[in-house]
Amino acid sequence: MNNSVDEKNQEEFDLALMILGASKGDMNDQYELANAYINGLYGLAKDTHRALYWFKKSANNGKADAIYGFWSIYAERDDPESKAKAEIILEKLKMVAKRKSEEAIIAQNYLNDIEQRPDEVKQNFLNYLQNADYAQTTCNAYVSSVLRVCAREELTLPELKNEIARIVMRYDFGGEEEEFGSANKRIVINALKRFSEFCAQ
């Protein structure tokens, strides 16, 4: 019983110190408080709104972990406004990565992780095609075609998802890239249309 009380008292003490440090502008305490709210730690109720507030405070002070946490919340949402905010936050992470500091190394590691995320979209698109009973050669050709369009348009797969309606128009009949879209029995435009259907799920 005494151990339980001691642990509770220690937790309350740690939280009080964290709140004090966060309110005084300590980026580490701000980040820890954001984490406490996002995960419901130290007896706090989960609160995404308050987590965002403290992630932003810590991010503005240059903490890479906080910028990534801030970015993650918006990146996981599907609405255009959140996606736009995620892009702005990502630029801040890139700025920190250019500095000569420990935070820069952490920021670059997060950027490397983010850059690898398109592979998840690629795998999900491939799974979608396979579940739709396309032949494996067709699945591979469609994925390859979509990736070629990404390279031409200088877009990542997640970015292509947000731009897919515009891209389909560019590569379909009458579009600026109709010739490329119509090559090889219209495999590119067909791949883009399947990708559009995948995005609409």
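# Helix packing and side-chain contacts

Helices α4 and α6 are therefore roughly parallel to each other (angles under 35 degrees; over 145 is roughly antiparallel, 65 to 115 roughly perpendicular and the rest oblique). This is a predicted model, in which local features need pLDDT of at least 70 and side-chain atom pairs count only at pLDDT 80 or more, whereas totals for chains, interfaces and linings use all residues. Residues are numbered from 1 along each chain as its sequence is written, and side-chain values use heavy atoms, with hydrogens and water left out.

Helix α4 spans residues 64–75 and helix α6 residues 102–115, and the two pack at an angle of about 30° with their axes 8 Å apart (helices being DSSP runs of H or I of at least four residues).

Leaving aside residues up to four places away in sequence, A66 touches Y31, F55, S58 and A59. The C-alpha atom of A66 is also 8.9 Å from that of E32, although the two residues are 34 residues apart along the chain.

The structure holds eleven aromatic pairs (ring centres within 6.5 Å, planes under 30 degrees apart being stacked, over 60 edge-to-face and the rest tilted). One of the pairs joins Y128 and F198, which are tilted, with 5.8 Å from centre to centre and 55° between the planes. Y128 belongs to helix α7 (residues 118–131) and F198 to helix α10 (residues 178–199), so this pair ties together parts that are 70 residues apart in sequence. F198 forms a tilted pair with F195 as well, at 5.5 Å centre to centre and 45° between the planes. F195 and F198 are three residues apart within helix α10, about one turn of the helix, and both are buried. One aromatic cluster is formed by F125, Y128, F195 and F198.

S145 is placed in helix α8, which covers residues 136–153. The backbone oxygen of A141 lies 2.8 Å from a polar atom of the side chain of S145, and, again not counting residues up to four places away in sequence, S145 touches I187, V188 and A191.

E154 lies in the loop between α8 and α9 (157–171), whereas N184 is placed in helix α10.

The table gives the relative accessibility of residues discussed above.

| Residue | Relative accessibility | Class |
|---|---|---|
| S145 | 4% | buried |
| F198 | 8% | buried |
| N184 | 61% | exposed |
| E154 | 72% | exposed |

Taken with their positions, E154 is an exposed residue at 72% relative accessibility in a loop, while N184 is exposed at 61% within a helix.

Conventions: Buried < 20%, exposed > 50% of the residue type's maximum accessible area, 1.4 Å probe, protein only. Polar contact = N/O pair within 3.5 Å; in protein donor to acceptor, adjacent residues only side chain to side chain. Contact = heavy atoms within 4.5 Å. Phe/Tyr/Trp six-rings, centres within 6.5 Å; stacked < 30°, edge-to-face > 60°. Axes fitted to C-alpha atoms, helices over the stretch in contact; angles between N-to-C directions.
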